[in-house]
Amino acid sequence: MPRPISPGIHASPILLYMPAAVSAAESAASVDPTAALERALRAAIAAVTGLPAEESDPHIRPSGNPQFGDFQANFAMALAKKIGANPRQLATDVLARAQLTGIADKAEVAGPGFVNIHLAGGALASALDAFDSPALGIVPATATYAVTVDLCGVNVAKQMHVGHLRATIIGDTIARVHERLGRKVWRENHLGDWGLPIAMTLAALRRAGTNLDSLTLEDLNRAYRAAQLEGRDDAAGMIAAHATRVGPHRIAELEAQNTGAALAQEDARATLVRLQSGDAQLVAEWQKIIHCTMQEVFETAAVLGVQLTDEHSRGESFFRDRLGPTVEAFAKSGLGVEDDGAIVVRYPDRDRPMLIRKRDGGFLYATTDLAACKFRVQDLKSDRVVYVVDARQRDHFKDVFDAVRMIGWNKLADGTEAELVHVPFGSVLGADKKPLKTRSGENFTLKALLDEAIERGTREVRARSTDPNAPTAGMSDADLAAIGSAVGIAAVKYADLGSDVTRDYVFDLDRMVSFEGDTGPYLQYAHARMASILGKALDAAAHAPPRPAISVAEPAERQLALTLLRYPQIVREVAQHLDPSRLCAYLHGLATSYNGFYQQCPVLKCEDPALRASRLRLCAISKHVMKDGLGLLGITAPERM
RNA sequence: GCAUGCGUAGCUCAGCUGGAUAGAGCAUCGGUCUUCGAAACCGAAUGUCGUUGGUUCGAAUCCAACCGCGUGCGCCA
């Protein structure tokens with residue numbers, strides 16, 4: 001079995017360097033007025049202070065308060081201290097020197113030395129015009145290596161639960177964002193399909209004479225749990241199982257004994273031996289169990305709008321022939337040393353070693369991960385390998401990654417060192433703030449959660465469609481159901497992706513499928529309004545020029561334009577920091593900006609044809625960005641809802 | 001014990017590489033639908049940013065100690 005997903009804990013923020021993103025940032029600079037601003041100020045700072053350009057960072061950021069303008073530059077205080085000057089004077093001198101014509105309308109010094117900048121309306125308009133393209137300012141990466149994303153991580157014969165939701169959708173979003181940036185992505189579903197637990201289940205099913213062709217996952221899960229319980233009661237059987245050199249269960253669990261279980265255990269052990277030796281009959285049955293499990297996993301993935309299919313499955317069994325060679329390689333290099341009969345890897349900076357082979361010769365979880373990591377870097381040729389796994393496995397991945405680096409398996413053929421990262425997501429807790437137990441408890445399965453969300457979404461959509469003035473009035477039942485499903489799923493995904501993934505959160509169904517406020521449906525609603533206004537303008541638009549001039553004059557228009565232009569930067573940040581919540585926050589801000597614009601700036605009712613065309617184009621760009629962004633989260637954006 | 005992570009409004013959380021008055025959503029109270037979609041918008045109210053000390057022109061953010069909660073720790077996966 002691979003990684004048990006459930007309760008866990010917080011993690012440190014992940015700050016990563018991503019070479020491809022940097023070049024994209026520079027390429028996108030032409031579209032971005034802030035880049036022009038930065039260049040101009042950097043040059044002026046260098047000229048005034050005599051410092052090299054790389055030490056002349058103007059520290060530009062969006063203004064905290066709109067009254068201060070669009071951007072502020074915070075370089076003066078720190079630099080003045082460094083060179084022994086007066087901050088306000090330095091800021092004034094720099095502004096006098098800076099070439100801001102065509103970029104900024106106004107730039108002034110405030111407070112202790114802040115520089116407040118009002119962007120020129122024309123600069124915003126022309127930046128937006130360039131931005132309005134299928135790429136939306138995102139420049140494809142030139143990297144030739146791939147990115148591997150380890151996601152989902154289900155166990156064969158086990159029902160998916162809420163924890164799997166996280167590993168699946170966080171991983172999917174990270175994969176999509178990298179693809180959006182032009183990277184080749186390998187989605188690796190490292191399923192637990194090998195070892196004694198599977199053999200136990202298989203043996204139990206055979207004893208019961210179950211027809212594996214009509215097996216449901218629920219039957220399978222029941223058989224799995226029953227087999228686990230049997231095994232847990234039996235020490236002798238487990239010890240015997242250890243002798244077969246397979247990955248079994250912790251000794252601590254083996255306290256009581258019973259003869260019936262011993263027989264079952266004996267049966268499982270024999271089954272495993274036959275499975276491992278390639279017994280055709282057993283292998284076929286094993287595959288049926290996997291098929292049965294994956295059937296539901298793929299169905300769930302489809303419901304969730306996650307790109308995950310058979311081609312992404314590469315279970316632990318795939319690496320079974322690489323475990324021996326892995327240990328040998330470590331032993332040979334001197335990194336793997338014997339300790340009390342077992343083989344361990346030791347680290348210079350910590351006491352805790354990593355076990356890679358047991359005293360009885362059996363391999364461990366870590367051994368498989370070492371082999372898989374090498375495969376991902378060197379066979380899948382990835383310069384970035386991302387593991388979306390429960391935060392409780394922090395130490396484990398630190399150990400694995402360090403071991404991989406020590407032996408050099410993180411190096412690609414040309415010597416490039418791949419980046420190995422664990423995205424440690426927090427646990428889903430119960431109302432009592434304790435981990436939702438799934439091994440024993442009858443808690444919410446993932447399927448139950450999604451069914452509930454879809455049902456509530458559909459109910460909501462149906463109810464609204466009964467209003468004759470509603471845009472959804474008169475739609476077919478199937479269409480309403482599709483929209484309802486999209487709304488329900490959006491609510492669940494946004495609730496999960498919307499805050500820092502490393503944090504635990506309390507599972508609250510009502511909050512998860514909420515449709516008001518800062519939620520997935522709020523974003524979908526904003527999108528539907530964008531679609532609606534554009535749909536109504538269609539006739540008139542037929543007579544308009546294809547790319548009418550954009551004018552950005554009203555405060556709400558400025559606000560919207562500034563927000564839109566930040567999109568490429570946000571997508572890059574999400575990839576760099578492996579943090580989907582930034583995209584959620586951005587899209588929420590976009591929806592809010594659009595709503596403000598919608599409130600304050602008449603579009604269809606605007607009497608000036610040029611301004612009307614300009615505003616329609618703002619709507620179109622907004623819709624494009626919203627749809628693109630939601631797409632990166634794997635959330636569909638209905639035209640009506 | 002060692003390691004690691006977290007403590008921000010009644011609740012759930014933001015706070016982007018230290019910056020101007022700490023922000024959203026929910027809940028509460030009050031406004032806005034004959035007017036481009038009210039799943040929306042506008043307004044009101046709400047805080048010893050766990051505590052103490054330190055660094056700094058400037059700290060929720062960096063450092064130290066302490067308090068509280070969580071998680072992990074050699075033959076499970």
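This is a predicted model: local features need pLDDT of at least 70, side-chain atom pairs count only at pLDDT 80 or more; totals for chains, interfaces and linings use all residues.
The model carries an ipTM of 0.96 and a pTM of 0.90. For chain A the average pLDDT is 86, and 87% of the residues reach a score of at least 70. Over residues 1–30, however, the pLDDT is below 50, although this stretch has 80 contacts in the model beyond near neighbours in sequence. A further stretch, residues 234–258, likewise stays under 50 in pLDDT, and for these residues the model has 55 contacts beyond four places in sequence. The placement of both stretches is accordingly left out of the description below.

The domain assignment of chain A gives two entries, with domain 1 covering 32–119 and domain 2 covering 446–632. Between the C-alpha centres of domain 1 and domain 2 there is a separation of 35 Å.

An open sheet is formed by 4 strands, which follow the order 1-2-4-3 with antiparallel pairing. Its edges are strand 1 (60–62) and strand 3 (104–110), each of which pairs on one side only, and from one strand to the next the twist averages 25°. At one end of this order, strand 1 is joined to strand 2 (residues 71–73) in the antiparallel sense over 3 bridges, and within this pairing Arg-61 has Gln-72 of strand 2 as its bridge partner. At the other end, strand 3 and strand 4 (residues 114–119) run antiparallel and are joined by 6 bridges, with Lys-106 standing opposite His-118 of strand 4. Strand 3 and strand 4 also make up a hairpin that has 3 residues between the strands, and in this hairpin Gly-111 adopts a positive phi near 55°.

Another open sheet consists of 3 strands in the order 7-8-9, and here too the pairing is antiparallel. Strand 7 (336–339) and strand 9 (350–357) are the edge strands of this sheet, each pairing on one side only, while the twist from one strand to the next averages 45°. The pairing of strand 8 (residues 342–347) with strand 9 is antiparallel and extends over 4 bridges; in it, Ile-343 is found opposite Arg-357 of strand 9. These two strands, strand 8 and strand 9, form a hairpin in which 2 residues lie between them.

Turning to the helices, two packed helices are described by the angle between their axes and the distance between the axes. For helix 6 (residues 162–180) and helix 16 (residues 477–497), the axes come within 10 Å and cross at roughly 85°. This crossing angle falls in the range of 65 to 115 degrees that counts as roughly perpendicular, and helix 6 and helix 16 are therefore roughly perpendicular to each other. On the side of helix 6, the contact is made by Leu-165, Arg-166, Ile-169, Ile-170 and Thr-173, which meet Lys-493, Asp-496 and Leu-497 in helix 16. By residue class, the contact of helix 6 with helix 16 comprises 4 nonpolar, 1 polar and 3 charged residues.

Methods:
Residues are numbered from 1 along each chain as its sequence is written. Chains are lettered from A and ligands numbered from 1 in the order in which they are written. pLDDT is the predictor's confidence in each residue, from 0 to 100. Two residues are in contact if their C-beta atoms, placed from the backbone, lie within 7 Å. Two strands pair if DSSP finds at least two bridges between them. Axes are lines fitted to C-alpha atoms, for helices over the stretch in contact, and angles run from 0 to 180 degrees between N-to-C directions. Angles under 35 degrees count as roughly parallel, over 145 as roughly antiparallel, 65 to 115 as roughly perpendicular and the rest as oblique. Ala, Val, Leu, Ile, Met, Phe, Trp, Tyr, Cys and Pro count as nonpolar, Asp, Glu, Lys and Arg as charged, and the others, Gly among them, as polar. Domain bounds come from an automatic or database domain assignment.
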